[in-house]
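Let's take a walk through this protein model, one piece at a time. Keep the 3D view open while you read.

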Amino acid sequence: MQKKLSLANFPTKIEKLEKISNESGVNIYIKRDDQTGSEISGNKIRKLEYSIYEALENGCDTLITCGGIQSNHARATAAAGIKLGMRAILVLRSDETPEMEGNYFLDKVIGADVRIISSDDYRERRMEIMQKIKAESDAEGHKAYIIPEGASNGIGSLGYYSAMKEIKKQEKELGIKFDRIVAAVGSGGTYAGLCMGNAEFFNGEKKITGFNVCDDAEFFKKRSEEIIEEAQKYLDKSIIIKAEEMDIIDGYVGIGYAQSRDEELEFIQKTAKKEGVIFDPVYTGKAMYGMMNEIEKGTFKKGENVLFIHTGGLFGIFSKRNQFKF
């Protein structure tokens with residue numbers, strides 16, 4: 001099994017959302033991966049512990065990655081890299097001069113080298129742009145390592161493969177057996193890792209349900225299958241999961257990635273008032289909103305034990321402050 005760094009606060013705790021569980025008839029627990037750290041908070045650090053270990057093993061001193069202007073992944077990459085004495089170059093997507101807030105503000109505070117590109121360039125050329133930056137950096141005497149969007153590739157997926165082993169131990173400690181594990185799907189690496197871990201540590205017994213927050217379910221089933229194929233070289237034994245075996249529920253992207261509807265923000269606020277837990281508007285807010293709607297539709301069984309992975313993103317909520325109604 002591939003080695004990794006130890007940067008985050010693991011294991012993250014599991015807690016029950018009592019009020020929402022009582023109202024819905026479904027036992028809803030959350031795994032607090034929003035509490036993996038402060039500067040490195042969120043799900044991405046699970047992936048980055050593997051990716052950055054590989055970078056260091058290869059003698060790299062520079063990390064290059066990409067994301068939206070409020071990317072949790074980019075912020076976590078920069079914070080982790082700088083902590084380890086590495087340079088961090090972030091290729092971020094924005095068609096406007098960005099407000100100095102949220103994750104972008106933190107990127108600047110910790111000294112990341114931020115390169116802003118247009119949405120069109122990001123969609124069509126982001127890997128080409130990162131490879132060009134790598135070539136320039138290497139020519140200056142550095143050695144750069146490119147981490148793809150969301151650290152969602154073969155090695156990154158090991159983060160949530162390993163998280164399933166952590167969950168198995170917590171089940172025993174808590175005396176709970178989860179029937180289903182739910183997560184937002186934004187680049188595929190977390191979902192792919194959960195699927196692999198389910199196969200390895202639970203013999204595929206759990207339902208792994210994703211809610212895509214961009215693109216569509218078919219895209220992410222295919223992408224997750226590709227990531228799982230990429231991961232094989234890092235595993236001790238082969239784990240193959242095909243797209244048709246995956247459960248990703250579509251219909252909750254709303255008006256677009258990182259764009260919020262009133263009903264989504266109202267749901268985040270309503271849930272925060274009930275449970276004292278804040279979900280973010282880009283990932284967990286949409287996924288939790290989708291899950292509660294699907295529970296109302298009867299997609300989930302009454303009495304089912306559900307573990308929702310809270311993947312973080314709190315810093316991103318500040319960019320939506322003017323859209324909330326108080």
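## A helix across the strands

Which strands does helix α10 lie across? Helix α10, residues 284–297, lies across β2 (27–32), β7, β8, β9 and β10 (305–310). Its direction is at about 165° to that of β10. Bear in mind that this is a predicted model.

Now for the strands themselves. Six of them make an open sheet, in the order β1-β2-β10-β7-β8-β9, and the pairing is mixed. At the edges you'll find β1 (14–16) and β9 (247–249); each has a single partner strand, so one side of each is left without a neighbour in the sheet. Neighbouring strands here are turned by 30° against each other on average, if you ignore direction.

What holds strands together in general? Strands of a sheet pair through backbone hydrogen bonds, and they can do so parallel or antiparallel.

## Helix α9

Next up is α9, with 14 residues running from 262–275. From first C-alpha to last it reaches 20 Å, close to the 20 Å expected at 1.5 Å a residue.

Which residues of α9 are buried? They are Glu-264, Leu-265, Phe-267, Ile-268, Gln-269, Thr-271 and Glu-275. Just after α9 comes Gly-276, which takes a positive phi of about 70°.

Conventions: Residues numbered from 1 in each chain as written. Predicted model: local features only at pLDDT ≥ 70, side-chain atom pairs only at ≥ 80, totals over all residues. Heavy atoms only, no water. Pairing = 2+ DSSP bridges. Helix = DSSP H or I, 4+ residues; strand = E, 2+ residues; numbered from the N terminus. Axes fitted to C-alpha atoms, helices over the stretch in contact; angles between N-to-C directions. Contact = heavy atoms within 4.5 Å. Expected span 1.5 Å × (residues − 1). Buried < 20%, exposed > 50% of the residue type's maximum accessible area, 1.4 Å probe, protein only.
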